[in-house]
Every structure is written in C-alpha cells, then in structure tokens.
Amino acid sequence: MRVRLLDLGLVPYVESQTIYHGVAYALGPDSPNTISLMSPDSPYFCIGFHQQLEKEVDLEYCAAHQLPILRREVGGGAVYLDSSQLFVHFMFHREDLPRQVEDLYKLFIRPIVDTYRGFGIQAEHRPLNDIVVGGRKIGGTGIAAIGDAIVVVGSVMFDFDADTMAHALKVSSEKMRDKVFQSLQDYMTTMTRELGAPPPREEVKAALIANLGRSLGVQLDPGELTGEERKVIRGLNRRFVSRRWLNQKGGIETRGIKIRGDVSVVEAEHKAPGGLIRVTARLNAGLIDDLSISGDFTVQPAAAVTGLEAALRGQPLDEAKLTGVVRDFYDANRVDAPGLSPEEVAHALSLLADPATA
Amino acid sequence: MAKVKEFDLPDDLYYDKKEHIWGRVEDEGVRAGLDSFGACAAGTFAYIKLLPKGRQVQKGRPFGSMEAGKYVGPLKAPVSGTIVAHNDEVLADPRIANKDHYERGWFAIIAPNNLDADLTDLAHSDTVQPWLEQEVKEYEEGGKMKPEGERECE
C-alpha cells in the first residue's frame, strides 16, 4: 500500500488541529491514505470533542496567559499542546483498517513505540491507548471517525510543560491542582527527561518516518495538501476559533483529572457533624495512591491527620473496609475527633468513587 | 434472527451496512440504535450526544455522536426525517447500548419523510444473515478483526 506523507514542520496552532480534520473530511474514494507530521508554532489548550469548556478549563488562567483553546473532534480529555510535541496523524480509509478500536491502537502505536526504543527509551504500549516508560506515560493517542476517514492521533513527546497543564485545567481546589501537578511529575515522562537532553528533532523525525513505513508495511510518498483539502481546512480554521464551536453545551461527565489510563486525581467533600471533610486523592488502579484530608474539623493530636492519610494509602474505595482502617488508626493513636467518626471519614472517601461527586 | 458467532441481529430490523446502525419501523417513526457488531467494534460507550428533537436529519448524515472506548464517531441516520424522540435512559447511562442493543439501547426516533426510498439499500429480512456472514468473514479473514473468543464484547 502507498501512503501519502505530509511533513509540515511548524504550522499555525489552529492548523495543527484543522489540517488532519480537513484531510479527513475531504477524503474521497480515490484519496490516498495519509500520515501527517507537524507541531504547532505556539502553545494552546485543547479539549475533547464531548467536553464542556467551562467545566474543564481555567478560562481566567488561559486568558491571562494568552493561551488559546481549541475543541477537537477526537475524544478524551483536555491537554496542553506546544511545539515540544511532534504530532502524528493518520487519516485512512476505514476499509483499509482493522474494525476494532483496540486493534487500531495496536497498529498505530507500534511505530511510535519503536521510535522511542530506537533512542534507548524502553517505551511500551499500555492498552488501550497509552504509551508508557516504566509506568510513566509518554503520550496518549486517540481515534475518531471523521467524514469517511478513520483518524488516529498521537505524538512524540520531546518535552512537556506540566506546570502550565496543571494551571490551565479547571480544578476544584488549589490542593487538587497541587496534586495534579505532582501526579503529572510522577506519572508522565518525556524524551528529555529520559535522555537528560532533547534528542535532535530531525533525527527523531527521520526515525519515526522509517518506523511508520516499516511497521505499517507501507510505502510513504512525500506529498502536499490538495486544493480541495486546503479549502476544507480554511473553513475549519474559521469554525475552530468560533465561540459557538467552543462553547457547545452538554458534555461528557469526567470524574477528576485523568493522568494516565488508570491513574486519576479526584476530590470530594462531605459535611460531617464535626465539620466539612475534603478528601483529595490520587487513585491508581482503584486504590488510594496519595491522599490529603482537609476541612474545618478538629482532630487531636493534630499530627493524626498526616498519619491517617498514610494509613489509608493502598486501600480500595470500599466504605466498610475504609471504616475499619480508620477505626484501627483512631484506636492505635488515641485519636480524639469529635463529630468525625470512622464512618464519616470512610463515607467521604467513598464519594471519590462516585461520578456524581466530581 | 440472524446470528453469526456472538453477533445477533434481529432480521425484522433494517441495517445500514456500513455504519451498523439499525432502524425499526414503528408508528411514531424509525427507532434507531447500533447493532451488536458495531457496539463490539466501538467498545464501551461513555457518552452519547444527539441532535435536538425537531431537527431535520438526512439519511447517512449524523443525528448524533458517541464516545466509546477511546473512540469518537458519528451516529448516522438510517433514514431522512425529523428527530422526534430521544432515549433519555441511554443518554444518562450509555452503557445500556452495549448491553441491550435492540430494546433499551436505542438512541432516537426519526419521523421519516422518504421512508420507502430510504429503506431500499438497508439490509432486512432474508438479506441480514448473508450480509452479516460476509461482514464477519471479510473482517476475520482480512486480519481486521480478532477471531471469536479473543474479541472482548459486552
């Protein structure tokens, strides 16, 4: 099979989204399958197709830092994007591809993983759609049907600005923002972090192109956008920056901030007789991986809260089991917590698992 | 009922052969959903969005969209007409569309405006079984779908 390769370098930030959408929408029966490589010439924040803008993005922060926001027609969560990422987009005829989504990810993630490995980074595909290095995510991927095309998006991550990402996300408290930032540090990595310095961009791109051809078993033909595609892209450039497109109502209910496939940061509040309990946690595969307990309650000794947070790490969000852990901790440490019974603490924690509390 | 391996497609329904969207002709209009093959390919539904009631839709054009298993795609209308009903239950819990494809898992009802013509290219009755057999065979033999037993469908 022959595949057109669009090696586009730096493009205006809007076009780093609209080009692949435009190629997909313009795909006709005689159009070639296409792979595009590009990076945005300036940073932006990008939300998933079904996300609601004001629920996901700190609009004040983005405005103050002149960080534009775009909505893509691919799913998933909000993400900060800039020129430190080399975007890889696949726009293929549906009939040329596997039917099941998991098989699509397997096919298109492979050349990206091979590219990292070629630079000594032990990346692997973690199904469904993450690429990880020793448990740390080094990029996500997404799939959408756009027009008559199947579109797969991915990236090679040279570097990542976790600080801006954590600030641009809408979160329920500063404690949660701190935990999101820490989790991005703990559970994400980049080529720069793995290698100590960013590798030469052209070398990485050349390796990626070679791996794309080899792994997909295709002949890559360097090409350009057609006039028809450019016309569609111009229309999309207008739509993608319109308020109407960005402010679509409704939206997928996401619980907390997803860091990696099975790692997320969540927060919940519960009004107990002894005061408000706010629990901010990082969950890893359903277990409490990190936890902060705060609120306007009174506990003696004061250090007991820190100890309780530590005691609850590694626990599943099972209210009965959590009640037992808290009770054991209270008994062992002679904790005096008026109006903050083990049942109340366990109930607050159990709300972390309930989407309605997000 | 047409049946090929784990896929069941009631043959009293009409099927868009490319999109695997089914339609059931009723008094109120054409009730539309995604068949078991399409749902298996997409994965677990996380979100379904539908165009508002009263909106005109064209056959083959989106009447909504879905997000499922790290995949986003349009829901394409099996017939042209006006959207007259949404399935609020499936909007609230999209996973119902994975579990009960043909009863509780429907998406919308479209009051058709060109029904007879729109139904002509949809699989129905005796044509469902051979179409489904061919579909599964082509995907499996072409290496584009895992063999039965290795597929993870709800």
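Strand β10 of chain A and strand β9 (residues 71-76) of chain B pair in the parallel sense over 2 bridges, where two strands count as paired if DSSP finds at least two bridges between them. Within this pairing, Ile143(A) has Tyr71(B) of β9(B) as its bridge partner. Helices (H or I, at least four residues) and strands (E, at least two) are DSSP runs, numbered from the N terminus. This is a predicted model, in which local features need pLDDT of at least 70 and side-chain atom pairs count only at pLDDT 80 or more, while totals for chains, interfaces and linings use all residues. Residues are numbered from 1 along each chain as its sequence is written, and chains are lettered from A and ligands numbered from 1 in the order in which they are written.

### The contact between the chains

The contact between the two chains takes 20 residues from chain A and 17 residues from chain B, two residues being in contact if their C-beta atoms, placed from the backbone, lie within 7 Å. On the side of chain A that touches chain B, the elements that give two or more residues are α4 (101-118) and β10 (142-146) of chain A, and β10(A) supplies the largest share, 4 residues. By class, this side of chain A has 10 nonpolar, 7 polar and 3 charged residues. In this classification, Ala, Val, Leu, Ile, Met, Phe, Trp, Tyr, Cys and Pro count as nonpolar, Asp, Glu, Lys and Arg as charged, and the others, Gly among them, as polar.

### Strands of chain A

| Strands | Sense | Bridges | Residues standing opposite |
|---|---|---|---|
| β10(A) and β11(A) | antiparallel | 5 bridges | Gly142(A) and Val153(A) |
| β6(A) and β11(A) | antiparallel | 9 bridges | His93(A) and Ala149(A) |
| β13(A) and β14(A) | antiparallel | 3 bridges | Arg260(A) and Val263(A) |
| β14(A) and β15(A) | antiparallel | 10 bridges | Ala268(A) and Val279(A) |

Strand β11 (residues 149-157) of chain A has 9 of its 9 residues buried, so it is largely enclosed by the rest of the structure. A residue is buried if 20 or more other C-beta atoms lie within 10 Å of its own, exposed if 12 or fewer, and partly exposed in between, with C-beta atoms placed from the backbone. Both faces of β11(A) are covered, with Ala149(A), Val151(A), Val153(A), Ser155(A) and Met157(A) buried on one side and Ile150(A), Val152(A), Gly154(A) and Val156(A) buried on the other. In the hairpin of β10(A) and β11(A), which has 2 residues between the strands, Gly147(A) takes a positive phi near 60°.

Helix α6 (residues 174-187) of chain A has 14 residues and reaches 19 Å from its first C-alpha to its last, close to the 20 Å expected at 1.5 Å a residue, where the expected span is 1.5 Å times one less than the number of residues. Its buried residues are Met176(A), Lys179(A), Val180(A), Ser183(A) and Leu184(A). Seen down the axis of α6(A), these buried residues fall within an arc of 140°, so they line one face of the helix; the arc is that of the directions from the helix axis to the C-beta atoms. What covers the buried residues of α6(A) includes α5 (162-168), β13, β14, β15 and β16 (287-295) of chain A.

Helix α12 (residues 319-333) of chain A has 15 residues and reaches 21 Å from its first C-alpha to its last, close to the 21 Å expected at 1.5 Å a residue. In α12(A), Leu322(A), Val325(A), Val326(A) and Tyr330(A) are buried. These four cover an arc of only 135° around the axis, which puts them on the same side of α12(A). The buried residues of α12(A) pack against α11 (304-312) and α13 (342-350) of chain A, whereas the face turned away from the buried side carries the exposed residues Ala320(A), Lys321(A), Asp328(A), Asp331(A) and Ala332(A). Just after α12(A), Arg334(A) takes a positive phi of about 50°.

### Domains of chain A

Chain A is divided into domain 1 (2-246) and domain 2 (262-357), with bounds that come from an automatic or database domain assignment. The centres of the two domains, taken over C-alpha atoms, are separated by 37 Å. Their contact takes 8 residues from domain 1 of chain A and 9 residues from domain 2 of chain A.
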